[in-house]
Amino acid sequence: MKKLGIILLCIFGSLSAQSQDSIQPDTTKVWTKKGNFSLLFNQSNFNNWAAGGENNLSGNLGINYDFNYKKKDITWDNKIIASYGLVKTKNSPFEKKTDDRLELNSLFGKKAEGLWYYSAILNFKTQIAKGYVYGKDLNGAEIRTETTNFLSPGYIIFGPGMLWKKRDNLKFNLAPITSKITIVNPNFTVPNKGYFGVEEGKSTRYELGFYASGYYKFNLMANVSLENIFGVYSNYLDKPENVDLDYQINVVMKINRYLSTNLSMQAIYDDNAFQGFQTRQVFGLAVNFGF
């Protein structure tokens, strides 16, 4: 019930704000392309500081790019999201990740009736670089153990469905027969499906289930945009009641053409990866370049 409540909150919370979105599409264009490259930077330095503190240097790079096609009764929406961040502290021998993600969403639709389209969806997710778990050796020195990498895990979701689309910034897709493939490096797998649900010695896991996804972006107020992206998946073949959830929210508070305050939050529930919610939050002053 908690999962269902979160899903409904995401849906109704997005739809309730649609009256605030005044963006109108340009029907004369076949392709609509828009992207943003951002750099978040943070540095702290302490010298004889009585309250204590650790010198650190961190930075995050992010890309959010849309390229959408629309002509007559055909619509094809594509989005690329990528981000990567590192922090270096004085007392650690290792640089540590503060963010790492790569995602591609592609949604094709052919007009059915009204705002509904016959659709096909493709979603791909992975990370860019190696991931580690940190600990201490017998001498107290910090050590790290590699646990994840590019395409380990990687997720591919694809299938036919029905799309409800009012405009590029407001759409909802239902795909009742959707395949999900989890890809991992077999060297990481351990007994009893302990590595992202993939069996020992194997490199993939196949699921067939129901997938629902939505996207809504609107202007919360002048110079403040709010982007919602969510997806839910239920596997018919194994514990369909254990619904996977992925909800992202990106807030951009524009200062001027190049500067903004950016807030990115994400919550994931996937019991094959972790028995509980995974959360991610990145906040800071960003230098932006539109393209």
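**Aromatic rings and their surroundings**

Analyst: In this predicted model, Phe67 is partly exposed, with a relative accessibility of 21%. The ring of Phe67 pairs with that of Tyr65: the centres are 5.5 Å apart and the planes meet at 25 degrees, so this pair is stacked. Tyr65 also pairs with Phe291, where the centres are 5.3 Å apart and the planes are again at 25 degrees, so this pair is stacked too. The Tyr65 and Phe291 pair joins distant parts of the chain, since Tyr65 is in strand E2 (residues 56-71) and Phe291 is in the segment after strand E14 (277-290), 226 residues apart.

The structure has 14 aromatic pairs. Ring pairs also connect Trp31, Tyr69 and Trp76 into a cluster.

The charged end of Lys96 sits over the ring of Tyr134, at 4.6 Å from its centre. Arg144 lies over the face of Tyr132, 4.0 Å from the ring centre.

One further aromatic residue, Phe196, stands out by its backbone. Most residues other than glycine have a negative phi. Phe196 is not a glycine, yet its phi is positive, near 55 degrees. Phe196 is located in the loop between strand E9 (170-183) and strand E10 (204-221). With a relative accessible area of 18%, Phe196 falls under the 20% cut-off and is therefore buried.

Conventions: Residues are numbered from 1 along each chain as its sequence is written. This is a predicted model: local features need pLDDT of at least 70, side-chain atom pairs count only at pLDDT 80 or more; totals for chains, interfaces and linings use all residues. Side-chain values use heavy atoms; hydrogens and water are left out. Helices (H or I, at least four residues) and strands (E, at least two) are DSSP runs, numbered from the N terminus. Buried means under 20% relative accessible area, exposed over 50%, partly exposed in between (1.4 Å probe, protein chains only). Rings of Phe, Tyr and Trp (its six-membered ring) pair if their centres lie within 6.5 Å; planes under 30 degrees apart count as stacked, over 60 as edge-to-face and the rest as tilted. A charge sits over a ring if NZ of Lys or CZ of Arg is within 6 Å of the ring centre and within 35 degrees of the ring normal.
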